[in-house]
Each structure stands twice: as structure tokens, then as C-alpha cells.
Amino acid sequence: MIGNCELCERENIELTKHHLIPKQKNSDGRVAYLCIPCSKQVHALYNNRELKKLDTIEKLKQEEKIQTWINWVRKKNPSDIRYHGKARFHN
């Protein structure tokens, strides 16, 4: 699916479903559509217990780590982001 990432707000990018409450923590079915880099970064930065408390896009965007990530990823071309294990910042 191609669209706009709800977290970094980049446009016309491949998206994936992000369960706002992880499935392992009894997800209520609410999802956000995030680009793959944002989804991987969220899961690299937070465990499921932490994500249960960060159950809205607004709460995620208030997190300092996410703000740093968003500032970084918005400057990148999606094809320039490479992953090695868990998602991390790469120049």
C-alpha cells in the first residue's frame, strides 16, 4: 500500500499496518499506517509493554526518541535507508 506515513508524514511511500496496542498485549484492533522505516524504528526503540502505553500516534510523536527519528528520516530518500538487524539511523 502506498500513502502518507502517519508518523513521519512523508508522502507517497510504502506503508505497513502498525497495531497501536501490540497483538501480544491484547490489541484492540486500532492501527496506524506507518512507512516501513518508521515501523521498524518504533519496534527497535520500544518493547511491547512500553508500546501499550504509547497507544496513539500523538503519544508516539511526543516521545523524544521518536522526534529525533522523525527529524532524521524526513531528510532521507527511502532508498537510502538500510537495515542491519534492528532498525537504526544510517547515513
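Helices, of at least four residues, and strands, of at least two, are DSSP runs numbered from the N terminus. In this predicted model, the protein chain follows the pattern β-β-β-α-α-α-α when read along the sequence, with three strands and four helices in the chain.

**The chain as a whole**

Of the 91 residues of the protein chain, 35% count as buried. The chain exposes about 5800 Å², and carbon and sulfur atoms supply 45% of that area. Among contacts with a separation of 6 or more, 47% are accounted for by residues 24 or more positions apart.

Gly3 belongs to strand S1, which covers residues 2–3, and with a relative accessible area of 13% Gly3 is buried, because buried means under 20%. Leaving aside residues up to four places away in sequence, Gly3 touches Arg10, Glu11, Asn12, Ile13 and Leu15.

The side chain of His18 makes a polar contact with the side chain of His43 at 3.5 Å. Beyond residues up to four places away in sequence, the residues that His18 touches include Arg30, Val31, Ala32 and Leu34, together with Val42 and Leu60.

**A network of salt bridges**

Side chains of opposite charge can pair when their charged atoms come close. The count of salt bridges in this model comes to five, and a network of them links Asp28, Arg30, Asp55 and Lys59. The pairs within this group are set out below.

| Salt bridge | N to O distance |
|---|---|
| Arg30 and Asp28 | 2.7 Å |
| Arg30 and Asp55 | 3.5 Å |
| Asp55 and Lys59 | 2.9 Å |

Arg30 meets Asp55 in a salt bridge; Arg30 lies in the loop between S2 and strand S3 (31–35) and Asp55 in the loop between helix H2 (48–53) and helix H3 (57–62), so the pair ties together parts that are 25 residues apart in sequence.

Lys59 counts as partly exposed at 36% relative accessibility, whereas Asp55, at 16%, counts as buried.

Key: Residues are numbered from 1 along each chain as its sequence is written. This is a predicted model: local features need pLDDT of at least 70, side-chain atom pairs count only at pLDDT 80 or more; totals for chains, interfaces and linings use all residues. Side-chain values use heavy atoms; hydrogens and water are left out. A polar contact is a pair of N or O atoms within 3.5 Å; within protein, one must be able to donate a hydrogen and the other to accept it, and residues adjacent in sequence count only if both atoms are side-chain atoms. Contact means heavy atoms within 4.5 Å. Buried means under 20% relative accessible area, exposed over 50%, partly exposed in between (1.4 Å probe, protein chains only). Accessible areas come from the Shrake-Rupley method with a 1.4 Å probe; for residues, only the protein chains shown count as cover. A salt bridge is a side-chain nitrogen of Lys or Arg within 4 Å of a carboxyl oxygen of Asp or Glu.
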